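Subject: Structure for you to look at

Hi there,

Here is the structure I promised to pass on. Please open it next to this message and follow along as you read.

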Protein chains: 2
Amino acid sequence: MAMENKPYVIGLDLGGTNSVFGIVNSEGSVVTSTSIRTKGQNDLDVYMDSACAALAPMIEQVGGIQNIKGMGIGAPNGNYYTGNIELAPNLPWKGIVPFAKKFSERLGIPVVLTNDANAAAIGEMTYGVAKGMKNFIMITLGTGVGSGIVVNGELVYGCDGFAGELGHVIVDTTPEARLCGCGRKGCLETYCSATGVARTAREFLAKRTDDTELRKIPLEEITSKDVSIAAEHGDQLARDVYKFTGDLLGRSCANFTAFCSPEAYVFFGGLTKAGNLIMDPIKEAYDANVQNIFKGKAKMLISQMDDAQAAVVGAAALAWKI
Amino acid sequence: MAMENKPYVIGLDLGGTNSVFGIVNSEGSVVTSTSIRTKGQNDLDVYMDSACAALAPMIEQVGGIQNIKGMGIGAPNGNYYTGNIELAPNLPWKGIVPFAKKFSERLGIPVVLTNDANAAAIGEMTYGVAKGMKNFIMITLGTGVGSGIVVNGELVYGCDGFAGELGHVIVDTTPEARLCGCGRKGCLETYCSATGVARTAREFLAKRTDDTELRKIPLEEITSKDVSIAAEHGDQLARDVYKFTGDLLGRSCANFTAFCSPEAYVFFGGLTKAGNLIMDPIKEAYDANVQNIFKGKAKMLISQMDDAQAAVVGAAALAWKI
């Protein structure tokens, strides 16, 4: 990690609702952080003014901009090659936004940008459970399913900067496959995201007749959080939902391994809170479905990064590579 | 391509039946070649004696070993990291064979080894239609389906040297999915290899009642070659077999793109001889099934390498990278 004696980097986790900024040191600790509103900030220049105003005292706190090597941004639809955010449906700015360039001009430091899951992978590789690994796959299990793939020690960006969309690999080719928000059918994301888990719970409730505390909640209002609480109470249907989800995730990972034979899968996000309820079926289905030649090779790990800080630390980690 | 003034490399295409050796120049032309028998050569040292005896006059012909930079080997179950051939079912040597090391000791030059499909990918990148590309996927359609994946200008070997087994990605999750030689169900190889094409023809013949020249051949004896001849004659059932095969291949590639967003897919092997009969359905299914963000980006190419020489030239190309 060449640091040119500059001990800090800035990380920005750009979400549809809030923008979280942190200044991070070489050990991955957030030294100081703040956040501003993203939502409703339709004028990009006004947003940039607020962002820089929020950053100014933090930069002072670490001794000025000369102590900062660069800035890394994790953003939905962020393109590493161009530094642009392209057609992000949940951000206030339309079209193609030269986001990295804007920050670089304002702050006078190099700025790099990638999508959130890639930033998480860089974070794991720099500070987390994937430290020192040259080949691993990060899977983020949130509202959607994201991924960041590391091959030969480098993020896989592909020819256009958008590679690593494993949430949209089609894992169900039966006629009953679920419709995905992307317009296609059977994507991993329709099953293994928080939304997918709630959908599975509703399907199970409709098909089965056994007693479960989930029946107390109106069917259309059930969330993955409800499933998680019921599972913690030992509710069988809720546990079966996790088993179904983990099973499909494990089988999907067995397919991904044919691609890049990773040393590990690192899972991050709300669903991992279920611990063994989800990890055991992932491991079992992976072992049962992976090709013989790959058996027993890939570790199945849960990220140990602090939830609240992981995104900003991951984004910041990008800046060490400038 | 650093050549240190050594203008030649040796390539070995190691097959279960024959071993084909070639001395190749920097333009990818085979200057001289020969072959020896692999089959039945159960004693590895006797095989090495024959191989070196066959190579000796060829090496003399190009001015001696000092004109040769190194040797590249394409071998089934070849491991790039170790130079070993590991548990290859169709070779006479059992267990783990230090194949590259043996040749290096005998010839006194560096020797590298990889599997056949990876060698083909290196060949395309060095001399073929993928020249200059940093991200592409090579798909070899032979008795099986092999693949070599290039990301950021480098072959994807994974943590163990065995990555890039796209023939064993499960592409059919229905209960009717075909059983694969690897012991699992629904692998791409069971549909899109020469064997898979013959299997599809037999299925179509059993299900359909239309007239086709393929009915003249006993059902269990039909090969992909028969299907190819019938398709050339305009036989509808044979053409539908190609359509089915290309469609599944195109849909599978649409999934692979979510992984590494390649600039191109390069297809090689017998099935590509069908030209548009297979390429049109590949392209149509790819466009119809790939995520919107990737549409129109990946080229679908047929290798232009000479069939007889491609494997040896691909293996030789490995040696330029030593």
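Predicted model: local features only at pLDDT ≥ 70, side-chain atom pairs only at ≥ 80, totals over all residues.

**Where the chains meet**

I started with the interface. Chain B and chain A bury about 3400 Å² between them, and 56% of that area is on carbon and sulfur atoms. On the chain B side, the residues that lose the most area to chain A are Asn255(B), Phe259(B) and Gln291(B), which together make up 21% of what that side buries. As for residue counts, chain B brings 41 residues to the contact and chain A brings 41 residues.

Polar contacts run across this interface too: 21 residue pairs are found, with both partners at pLDDT 80 or more. On the side of chain B that touches chain A, the elements giving two or more residues are strand S9 (145-151), strand S10 (154-155) and helix H7 (236-260) of chain B. H7(B) gives the most, with five residues. By type, the residues on that side of chain B divide into 22 nonpolar, twelve polar and seven charged.

Two salt bridges cross between chain B and chain A.

**Salt bridges elsewhere**

Over all chains, the structure holds 22 salt bridges. Asp210(A) forms a salt bridge with Arg208(A), with the closest N and O atoms 2.7 Å apart. Arg208(A) is partly exposed, at a relative accessible area of 24%, and Asp210(A) is partly exposed as well, at 25%. The side chain of Asp240(A) also meets that of Arg208(A) in a salt bridge, at 2.9 Å, N to O. Asp240(A) sits in helix H7 (residues 236-260) of chain A, while Arg208(A) is in the loop between helix H5 (194-207) and helix H6 (224-232), so this pair ties together parts that are 32 residues apart in sequence.

In chain B, Glu105(B) and Lys101(B) form a salt bridge with their closest N and O atoms 3.5 Å apart. Both lie in helix H2 (residues 99-107) of chain B, four residues apart, or about one turn of the helix. Glu105(B) and Lys101(B) are both exposed. Back in chain A, a network of salt bridges links Asp45(A), Asp49(A), Lys102(A) and Arg106(A).

**Two buried residues**

The nearest side chain of opposite charge, Arg178(A), is 7.0 Å away. Asp172(A) lies in the loop between strand S10 (154-155) and helix H4 (189-192) of chain A. Leaving out residues up to four places away in sequence, Asp172(A) touches Ala177(A), Lys185(A), Gly186(A), Tyr191(A) and, from the other chain, Thr173(B).

Gln41(A) counts as buried because its relative accessible area is 16%, below the 20% cut-off. With residues up to four places away again left out, its contacts are Val46(A), Tyr47(A), Ser50(A), Pro92(A) and Trp93(A).

Conventions:
Residues numbered from 1 in each chain as written. Chains lettered and ligands numbered in written order. Heavy atoms only, no water. Buried < 20%, exposed > 50% of the residue type's maximum accessible area, 1.4 Å probe, protein only. Lys, Arg positive; Asp, Glu negative; His and termini not counted. Salt bridge = Lys/Arg side-chain N within 4 Å of Asp/Glu carboxyl O. Contact = heavy atoms within 4.5 Å. Buried area = accessible area lost by both parts, 1.4 Å probe. Polar contact = N/O pair within 3.5 Å; in protein donor to acceptor, adjacent residues only side chain to side chain. Nonpolar A, V, L, I, M, F, W, Y, C, P; charged D, E, K, R; others polar.
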